[in-house]
Amino acid sequence: MPEMVGIALEEIGNGGCDFLGMAAGELEVLDAKLGQFFTPYEVSRMMAEISLTDVDEKIAEQGFITVQEPAAGAGGMLLAVADVIEGKGLNLETSIWIEAVELSRPTYHMCYVQCAARGLAGKIICGNSLSLEVFTGAYTAAASVFFAANVDPFAKQKEQAKQAAAQEAKREEQAEAERKDRLATLGDGPVISGQQLTLF
């Protein structure tokens, strides 16, 4: 068993394959009822190449990119993304932050092992992307390296959300003050005199 684990980790770490996904597909242990099927690595790599044509420019501009995978399986798509980024001469541990969600516990473990062995920084979650339930989760070993280099990957978004909330609170406060002013001066208008019109 230790020798088999060593072979698997060496293959995964060198890139260019979805080792555990391929093994699960060949052993026919994927659950068709959950919609699990093996996507060949070549297909995942092609999709990653198409999606990440300008990834080096984005990383140069922002310092890193974030990738969210809502149905991660064994992590094949993330491994392909890692290969594309590494192929551009970038450091995986500091250039990308991943968040992968997988419903099935066995494939969640497969995803964690492969992403951690490949050197990807991020969080692997066992949960349901549709209902937003989270059962468990774990950070990969490279997460601490990423945090040391880039701090919080979502700091910018959190700051923008905080500023938006502050502006919304200010708008609500101003609207409430205007409403109170209108109510306070409601009866201060001039008195209307003259005959009252009626339909009867």
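The chat below goes from the whole chain to single residues.

Visitor: What kind of model is this?
Guide: This is a predicted model, in which local features need pLDDT of at least 70 and side-chain atom pairs count only at pLDDT 80 or more, while totals for chains, interfaces and linings use all residues. Residues are numbered from 1 along each chain as its sequence is written, and side-chain values use heavy atoms, with hydrogens and water left out.

Visitor: How many helices and strands are there in the protein chain?
Guide: The protein chain has nine helices and four strands. Both are DSSP runs numbered from the N terminus: helices are H or I with at least four residues, strands are E with at least two.

Visitor: And in what order do the elements run from the N terminus?
Guide: The order is α-α-α-α-β-α-α-β-α-β-β-α-α.

Visitor: How much of the chain is buried?
Guide: Of the 200 residues, 30% count as buried. Buried means under 20% relative accessible area, exposed means over 50%, and partly exposed lies in between (1.4 Å probe, protein chains only).

Visitor: What about contacts between residues 24 or more positions apart?
Guide: Such pairs account for 67% of the contacts with a separation of 6 or more. Contact here means heavy atoms within 4.5 Å.

Visitor: Let's do the strands. What do the four of them form?
Guide: They form an open sheet in the order 1-2-3-4, with mixed pairing. Two strands pair if DSSP finds at least two bridges between them.

Visitor: Which ones are the edge strands?
Guide: Strand 1 (65-69) and strand 4 are the edges, each pairing on one side only. From one strand to the next, the twist averages 15°.

Visitor: In which sense do strand 2 and strand 3 pair?
Guide: Strand 2 (residues 96-102) pairs with strand 3 in the parallel sense, over six bridges. Ala100 has Ile124 of strand 3 as its bridge partner, and Val101 has Ile125 of strand 3.

Visitor: And strand 3 with strand 4, parallel or antiparallel?
Guide: Those two run antiparallel, joined by six bridges. One example is Asn128, whose bridge partner in strand 4 is Glu133.

Visitor: Why is strand 3 largely enclosed?
Guide: Six of its eight residues are buried, so the rest of the structure largely encloses strand 3.

Visitor: What lies across the strands?
Guide: Helix 8 (residues 143-150) lies across strand 2, strand 3 and strand 4, running at about 140° to strand 2. Angles run from 0 to 180 degrees between N-to-C directions, and axes are lines fitted to C-alpha atoms, for helices over the stretch in contact.

Visitor: Where is Leu132?
Guide: Leu132 sits in the loop between strand 3 and strand 4. At 69% relative accessibility, Leu132 counts as exposed.

Visitor: What about Ser131, where is that?
Guide: Ser131 is found in the loop between strand 3 (121-128) and strand 4 (133-139). Ser131 is partly exposed, with a relative accessible area of 39%. A polar contact of 2.8 Å joins the side chains of Ser131 and Glu133. A polar contact is a pair of N or O atoms within 3.5 Å; within protein, one must be able to donate a hydrogen and the other to accept it, and residues adjacent in sequence count only if both atoms are side-chain atoms.

Visitor: Is Ser104 buried or exposed?
Guide: Ser104 is buried, with a relative accessible area of 11%. Ser104 lies in the loop between strand 2 and helix 7, and a polar contact of 3.2 Å joins its side chain to that of Thr107.

Visitor: Helices now! At what angle do helix 5 and helix 7 pack?
Guide: Helix 5 (residues 76-87) and helix 7 (residues 105-118) pack at about 10°, with their axes 10 Å apart. That makes helix 5 roughly parallel to helix 7, a label for angles under 35 degrees.

Visitor: Which residues make the contact?
Guide: Helix 5 brings Leu78, Leu79, Ala82, Asp83 and Glu86, and helix 7 brings Cys111, Gln114, Cys115 and Arg118.

Visitor: Last one: which residues does Ala80 touch?
Guide: Ala80, which lies in helix 5, touches Tyr41, Ser44, Arg45 and Ala48, not counting residues up to four places away in sequence. At 0% relative accessibility, Ala80 counts as buried.

Definitions and conventions. Angles under 35 degrees count as roughly parallel, over 145 as roughly antiparallel, 65 to 115 as roughly perpendicular and the rest as oblique.
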